[in-house]
Amino acid sequence: VPQDVVRAAEYFKRSAEKGNSGAQYNLAGCYVTGEGVPVDLTLAAKWFLAAALGGLSDAMYCIACCFARGEGVEQSWPDAATWFQKAQKQGHMGDIVDKTEQFCLGNCFAQGIGVS
């Protein structure tokens, strides 16, 4: 089967709309990279959030980054901290080479922003 990113995005969207968290995460990635769909960070954040609510730790990390950077959503340290903590509780941070989430979460704790 030849590669077809447009068709892949269409199938991800169909499945995402039916509540499949993996498809929601993959569709969000498509909107970030522009593979098969136009780049749209608002839609990417929407689908990362849906997948995060479905329990995917990778999506929890991604939506936390969206909130920390204000990409596709209004920037919110409290929301970023909440999602970084949820991802961490699922062990996500222990496997991450990128230290962005640890830096952001550390700043939240240091400043008392969005954490208790």
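Leaving aside neighbours within four places in sequence, Ser57 is in contact with Ala87, Gln90 and His92. Ser57 belongs to helix H4, which covers residues 57–69. With a relative accessibility of 18%, Ser57 counts as buried, because the cut-off for a buried residue is under 20% relative accessible area. The model described here is a predicted one.

**The chain as a whole**

The secondary structure consists of 6 helices and 0 strands. Along the sequence, the pattern reads α-α-α-α-α-α. The chain has 116 residues, of which 34% count as buried. Its accessible surface comes to about 6,600 Å², and 53% of that surface belongs to carbon and sulfur atoms. Among contacts in the chain with a separation of 6 or more, 42% are accounted for by residues 24 or more positions apart.

**Helices H4 and H5**

Ser57 also takes part in the packing of H4 on another helix, H5. Helix H5 spans residues 77–89, and the axes of H4 and H5 are 8 Å apart, at an angle of about 160 degrees. H4 is therefore roughly antiparallel to H5, since angles over 145 degrees are classed in that way. The crossing of these two helices is left-handed. On the H4 side, the contact is formed by Ser57, Met60, Tyr61, Ile63, Ala64, Cys65, Phe67 and Ala68; on the H5 side, by Trp77, Asp79, Ala80, Trp83, Phe84, Lys86 and Ala87. By class, the residues of this contact divide into 12 nonpolar, 1 polar and 2 charged.

**Helices H1 and H2**

The crossing of H1 and H2 is left-handed. H1 contributes Ala9, Phe12, Lys13, Ser15 and Ala16 to the contact, while H2 contributes Ala23, Gln24, Asn26, Leu27 and Cys30. These residues divide into 6 nonpolar, 3 polar and 1 charged.

Which residues does Ala16 touch, leaving aside its neighbours within four places in sequence? Ala16, found in helix H1, is in contact with Ala23, Gln24, Leu27 and Trp47. Ala23, Gln24 and Leu27 are also among the H2 residues that make the contact with H1. The C-alpha atom of Ala16 is separated by 8.8 Å from that of Ala50, although the two residues are 34 apart along the chain. Ala16 is buried, its relative accessible area being 2%.

Ser21 is found in helix H2. Apart from neighbours within four places in sequence, Ser21 is in contact with Ala51, Gly54 and Leu56. Ser21 is likewise buried, with a relative accessible area of 15%.

The table sets out the accessibility of the residues discussed.

| Residue | Relative accessible area |
|---|---|
| Ala16 | 2% |
| Ser21 | 15% |
| Ser57 | 18% |

**Summary**

Ala16 is in contact with residues including Trp47, Ser21 with residues including Leu56, and Ser57 with residues including His92.

Notes. Residues are numbered from 1 along each chain as its sequence is written. This is a predicted model: local features need pLDDT of at least 70, side-chain atom pairs count only at pLDDT 80 or more; totals for chains, interfaces and linings use all residues. Side-chain values use heavy atoms; hydrogens and water are left out. Helices (H or I, at least four residues) and strands (E, at least two) are DSSP runs, numbered from the N terminus. Buried means under 20% relative accessible area, exposed over 50%, partly exposed in between (1.4 Å probe, protein chains only). Contact means heavy atoms within 4.5 Å. Accessible areas come from the Shrake-Rupley method with a 1.4 Å probe; for residues, only the protein chains shown count as cover. A crossing is left-handed if the near helix is turned anticlockwise from the far one by less than a right angle, and right-handed if clockwise. Ala, Val, Leu, Ile, Met, Phe, Trp, Tyr, Cys and Pro count as nonpolar, Asp, Glu, Lys and Arg as charged, and the others, Gly among them, as polar. Axes are lines fitted to C-alpha atoms, for helices over the stretch in contact, and angles run from 0 to 180 degrees between N-to-C directions. Angles under 35 degrees count as roughly parallel, over 145 as roughly antiparallel, 65 to 115 as roughly perpendicular and the rest as oblique.
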